[in-house]
Amino acid sequence: MSDILSTDFISSAMPQKIAPKINKSFDPEKTRQAVQDFEAFFISQTFEQMYATVPINETFGGGNAEKIFRSMMIDEYGKMTAKSGGIGLTDQIMTQILRQQQADTTAPAKAE
């Protein structure tokens, strides 16, 4: 039992406290697109919860086709919302990434 609770096991299971280093080949446009895709996914998940409370109109058929269409529509709503400014998540994350990159480039190299 003491082997399981050894410090090596505990330290490897603990979350990393230092942000990963940003690559020298940092491309702000690709990064912004990835962050915007993340925001679109987040917004889509929020919309999914919202639309789950809206009953399906049986006049238009309902069933599996309605579920598939609704899912695709919600994904597109998320993408359009994120692309048109979203909820500010993209800008906040990009600001943090750029701060981290600036800190990494100005910090003195550590001797290992």
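Helix H2 covers residues 28–51. Its 24 residues reach 34 Å from the first C-alpha to the last, close to the 34 Å expected at 1.5 Å a residue. The expected span is 1.5 Å times one less than the number of residues. The model is predicted, so local features need pLDDT of at least 70 and side-chain atom pairs count only at pLDDT 80 or more, while totals for chains, interfaces and linings use all residues. Residues are numbered from 1 along each chain as its sequence is written, and side-chain values use heavy atoms, with hydrogens and water left out.

The protein has 4 helices and 0 strands. Along the sequence the pattern reads α-α-α-α. Helices (H or I, at least four residues) and strands (E, at least two) are DSSP runs, numbered from the N terminus. Of the 112 residues, 15% count as buried. Buried means under 20% relative accessible area, exposed means over 50%, and partly exposed lies in between (1.4 Å probe, protein chains only). The protein exposes about 9,300 Å², with carbon and sulfur atoms supplying 60% of that area. Accessible areas come from the Shrake-Rupley method with a 1.4 Å probe, and for residues only the protein chains shown count as cover.

Back to H2. Its buried residues are Thr31, Val35, Gln36, Glu39, Ala40, Ile43, Ser44 and Tyr51. Their cover includes H3 and H4. Contacts (heavy atoms within 4.5 Å) can also be sorted by sequence separation. Among those in the protein with a separation of 6 or more, 85% involve residues 24 or more positions apart.

Next, the aromatic side chains. A pair of rings is described by the distance of the centres and the angle of the planes. Rings of Phe, Tyr and Trp (its six-membered ring) pair if their centres lie within 6.5 Å; planes under 30 degrees apart count as stacked, over 60 as edge-to-face and the rest as tilted. The structure holds 2 aromatic pairs. The rings of Phe47 and Tyr77 have centres 6.5 Å apart and planes at 85°, so this pair is edge-to-face. Phe47 lies in H2 and Tyr77 in H3, so the pair ties together parts 30 residues apart in sequence. Tyr51 and Tyr77 form a tilted pair, 6.3 Å centre to centre with 35° between the planes. This pair also links H2 to H3, across 26 residues. Tyr51 counts as buried because its relative accessibility is 19%. Tyr77 is partly exposed at 29%. Phe47, Tyr51 and Tyr77 form one aromatic cluster.

Now the charges. A salt bridge is a side-chain nitrogen of Lys or Arg within 4 Å of a carboxyl oxygen of Asp or Glu. The count comes to 2. Arg32 pairs with Asp91, with the closest N and O atoms 3.4 Å apart. This bridge links H2 to H4, across 59 residues. Arg32 is partly exposed at 32%, and Asp91 is partly exposed at 42%. Lys79 pairs with Glu76, again with the closest N and O atoms 3.4 Å apart. These two are 3 residues apart in H3, so about one helical turn separates them. Lys79 is partly exposed at 47%, as is Glu76 at 41%.

Last, the surface. Phe38, Phe42 and Ile87 form a nonpolar patch with about 310 Å² of accessible area together. Patches are made of residues with over 30% relative accessible area and no salt bridge: like charges are joined within 9 Å, nonpolar side chains (Val, Leu, Ile, Met, Phe, Trp, Tyr) within 5 Å. Ile87 sits in the loop between H3 (63–83) and H4 (89–106). Ile87 counts as exposed because its relative accessibility is 56%.
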